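Colleague: I am new to this structure and would be grateful for a guided reading of selected parts.

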Amino acid sequence: MESAFGAFWGLIPMLEAPFPHAESAQHPDLASSPALRAPPGRGGAGRGRGGAGAGPPRRVAMLQPQQQAAGSAAMAVAVGRAANDDLRNLSLSGHVGFDSLPDQLVNKSTSQGFCFNILCVGETGIGKSTLMDTLFNTKFESEPATHNEPGVRLKARSYELQESNVRLKLTIVDTVGFGDQINKDDSYKPIVEYIDAQFEAYLQEELKIKRSLFNYHDTRIHACLYFIAPTGHSLKSLDLVTMKKLDSKVNIIPIIAKADTIAKNELHKFKSKIMSELVSNGVQIYQFPTDEETVAEINATMSVHLPFAVVGSTEEVKIGNKMAKARQYPWGVVQVENENHCDFVKLREMLIRVNMEDLREQTHTRHYELYRRCKLEEMGFKDTDPDSKPFSLQETYEAKRNEFLGELQKKEDEMRQMFVMRVKEKEAELKEAEKDLHEKFDHLKRTHQEEKKKVEDKKKELEEELNNFQKKKAAAQLLQSQAQQAGSQQTKKDKDKKNASFT
Amino acid sequence: MEPQERSMEAAAVPQELPPDHGVHELFGYVGIEAVLEQMKVKTMKMGFEFNIMVVGQSGLGKSTMVNTLFKSKVSRKASQPGQEERIPKTVQLQSVTHVIEEKGVKMKLTVTDTPGFGDQINNENCWDPIIKYINEQYERYLREEILITRKRKIPDSRVHGCVYFIPPTGHWLRPLDLEFMRRLSKIVNVVPVIAKADTLTLEEREEFKQRIQRDLKAHAISVYPQEDFDEDPDDRLLNDRIREKIPFAVVGADQEHQVNGKRVLGRKTKWGIIEVENPAHCEFPMLRDLLIRSHLQDLKDITHNVHYESYRVRRLNESNRPALSSNNGLPGRDEDGDESNL
């Protein structure tokens with residue numbers, strides 16, 4: 001789809017670089033041909049981009065196929081220019097057939113299918129699901145949400161619809177739990193985050209090297225229906241805050257829900273109060289485009305009725321002799337598709353039948369581009385003058401990458417150093433401990449040896465004593481035995497004497 | 001599961017209904033098909049751009065062909081009385097831009113001519129200026145696309161189709177033709193045509209075509225409509241019929257003559273009038289239908305989605321060689337360029 005937006009030649013200066021080119025004589029056709037009208041210059045700033053050699057409208061010799069690309073306007077190959085840089089209008093002498101181009105484009109798009117994403121923001125129970133059902137004339141399955149959600153969350157559902165030969169991939173995003181909490185300070189945050197996330201996904205896809213944009217499932221929100229509660233007084237502050245946060249990110253269409261609770265005269269006052277509050281707070285709601293003749297009129301008349309007061313209903317009631325969508329009350333029947341009763345038909349016209357394409361385009365060209373610009377600037381990219389850097393994005397990216405890698409390297413080195421230090425410390429500690437251990441061991445050994453020696457000494461002493469004792473004993477015994485002998489000899493002598501005497 | 005977690009999930013990916021649900025049923029008319037009308041109106045307001053390049057030796061009738069194609073004096077003819085004819089020393093590219101309007105549809109048509117192609121004695125590398133030009137258009141578009149603040153509509157000067165004129169020798173494709181078509185079919189949609197086909201009889205034409213088709217197949221040159229990009233069986237059927245007739249044998253003429261009481265575009269010879277728009281005489285109507293009436297958008301789409309994207313991949317992959325090489329405008333070959341995502 002995006003390829004279709006590649007051509008907008010009216011407002012910007014013409015693209016061909018105004019290269020002076022070689023020509024030997026006057027261009028015969030321009031002068032003589034009656035078929036070419038004098039060009040008033042289709043695009044206002046019709047002159048070529050300022051750059052090398054923009055001056056002479058007539059052709060001047062130069063052809064340098066070898067020249068390197070220098071500035072933004074210079075090209076390496078001299079491209080010949082015919083007389084003016086303005087576009088010439090050509091008149092056709094027969095039917096060429098490219099009026100089938102829009103049809104070709106449309107056929108291509110129908111075969112691919114369309115994407116449309118709607119975000120419904122509103123309190124629980126205000127009628128978002130019913131309105132969606134009524135708008136698209138179908139029954140989307142969803143259970144009603146409870147009122148005790150702790151925070152706002154977004155629930156997205158995709159459906160494939162087909163009508164004649166048009167396939168529409170419709171995604172409806174619901175804000176569940178909006179307005180239910182006691183403290184609603186952060187209610188808008190999940191919504192903004194969701195919208196940004198879709199833009200981010202698209203940006204990522206666009207920045208990829210190998211990308212496939214033409215069959216990318218676009219999930220960016222194209223329209224935001226803001227449901228205003230039918231109090232009859234004015235906007236709630238929650239509404240103001242939320243809309244203010246969303247207006248630069250998405251096309252906001254405010255609608256008054258459950259409009260059958262407001263009487264006709266009150267409705268008018270309510271609407272003008274709402275619009276004046278929006279204006280005075282600087283909230284930019286979606287402006288229906290009025291620049292194209294075919295839709296300008298209807299858009300202008302419709303935008304007077306903003307915000308649309310809608311009633312939704314999927315039940316059919318018999319009115320007259322037809323069945324129509326309506327709500328039946330004891331006091332009457334509110335017909336959904338009756339313009340006197342509510343603005344549902346206007347909403348459907350505006351949203352689907354007249355401006356769907358414009359909503360998609362605004363999302364892409366305004367909101368998405370804004371997001372992209374902010375994001376890229378935030379990342380540090382700049383459109384430096386293209387004269388100095390041939391590829392500013394690429395180079396900035398390279399620089400950043402190198403920087404980042406350098407940082408990474410530094411961190412790694414730091415970590416490694418710390419690690420080494422720690423290891424050293426630990427080693428030192430361990431060594432100390434080992435030394436201690438060794439010392440202790442030595443000490444113990446020494447003590448042990450000393451003890452051993454002592455014991456040995458004592459042993460020796462003991463042995464000596466024993467020896468002495470043995471010696472003494474032996475000596476004593478000897479003495480004793482000698483004494484005994486002597487005694488016994490004496491006794492013998494005595495005995496002998498005695499004997500002798502006797503005899 | 002924490003509601004916060006669930007909101008994160010829902011925030012990232014919209015829940016898809018299971019595939020066997022299929023298409024959701026509508027109970028009545030909603031008006032979704034009005035988006036087609038809206039799109040048509042918008043594109044008509046925006047206008048279209050179409051850039052075509054004609055390549056061939058001088059004297060093959062390129063300018064006449066372009067004039068006949070767009071029914072107006074788009075390009076001036078190389079040989080006019082009173083003008084010095086000089087064969088340029090190297091290939092020059094001349095672009096002419098016109099705005100044409102038909103039934104409310106405005107088209108900005110750019111025709112790039114290549115006088116001097118194949119005219120020298122030594123024609124080596126005569127395709128380099130052409131390749132350089134094509135790559136430069138891609139480069140321009142790429143630069144516009146990467147800007148932080150982009151224009152609302154990026155001006156598209158990329159070549160959407162290149163019509164290559166084959167001289168009607170009746171034998172085979174010449175080495176110059178093969179080389180050129182081989183190199184160019186990789187970066188741009190090439191539509192080969194047999195020029196000045198009134199020199200061939202119908203049988204000779206058929207034989208010539210067969211030989212050319214065989215040659216192209218043997219050298220693996222994929223000309224438009226490329227087989228790889230057929231999207232569905234209908235497309236394939238349609239394109240197969242076209243592929244049988246490639247290359248178209250065309251005759252160009254910009255003068256009208258009287259035939260059977262009608263004024264037709266044709267060439268008058270002593271032995272008869274060759275009607276350009278008569279499908280029995282030459283295949284010009286088929287070429288015109290292919291280029292303009294039925295496949296113009298397709299040409300642009302393939303240029304944008306395939307050729308431009310592959311240029312972009314190549315360009316963004318080469319990391320540290322910002323200098324463009326002098327002969328063909330492509331960055332120097334980086335054999336081990338890594339495909340990192342930005």
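This is a predicted model: local features need pLDDT of at least 70, side-chain atom pairs count only at pLDDT 80 or more; totals for chains, interfaces and linings use all residues.

Colleague: Is K346(A) buried or exposed?

Modeller: K346(A) belongs to helix α8, residues 344-354 of chain A. Its relative accessible area is 8%. Because buried means under 20%, K346(A) counts as buried.

Colleague: With which side chain does the side chain of K346(A) make a polar contact?

Modeller: Leaving aside residues up to four places away in sequence, K346(A) touches M302(A), H305(A), F308(A) and E339(A). The polar contact of its side chain, at 3.3 Å, is with the side chain of E339(A).

Colleague: How are α4(A) and α9(A) oriented to each other?

Modeller: Helix α4 spans residues 188-207 and helix α9 residues 356-378, both in chain A. Their axes come within 10 Å and cross at roughly 80°. Angles of 65 to 115 degrees count as roughly perpendicular, and therefore α4(A) and α9(A) are roughly perpendicular.

Colleague: How many residues of the contact of α4(A) with α9(A) are charged?

Modeller: In α4(A) the contact includes D196(A), E200(A) and E206(A), and in α9(A) it includes R372(A) and K375(A). The contact residues divide into seven nonpolar and three polar, while the charged ones number five.

Methods: Residues are numbered from 1 along each chain as its sequence is written. Chains are lettered from A and ligands numbered from 1 in the order in which they are written. Side-chain values use heavy atoms; hydrogens and water are left out. Helices (H or I, at least four residues) and strands (E, at least two) are DSSP runs, numbered from the N terminus. Buried means under 20% relative accessible area, exposed over 50%, partly exposed in between (1.4 Å probe, protein chains only). A polar contact is a pair of N or O atoms within 3.5 Å; within protein, one must be able to donate a hydrogen and the other to accept it, and residues adjacent in sequence count only if both atoms are side-chain atoms. Contact means heavy atoms within 4.5 Å. Axes are lines fitted to C-alpha atoms, for helices over the stretch in contact, and angles run from 0 to 180 degrees between N-to-C directions. Angles under 35 degrees count as roughly parallel, over 145 as roughly antiparallel, 65 to 115 as roughly perpendicular and the rest as oblique. Ala, Val, Leu, Ile, Met, Phe, Trp, Tyr, Cys and Pro count as nonpolar, Asp, Glu, Lys and Arg as charged, and the others, Gly among them, as polar.
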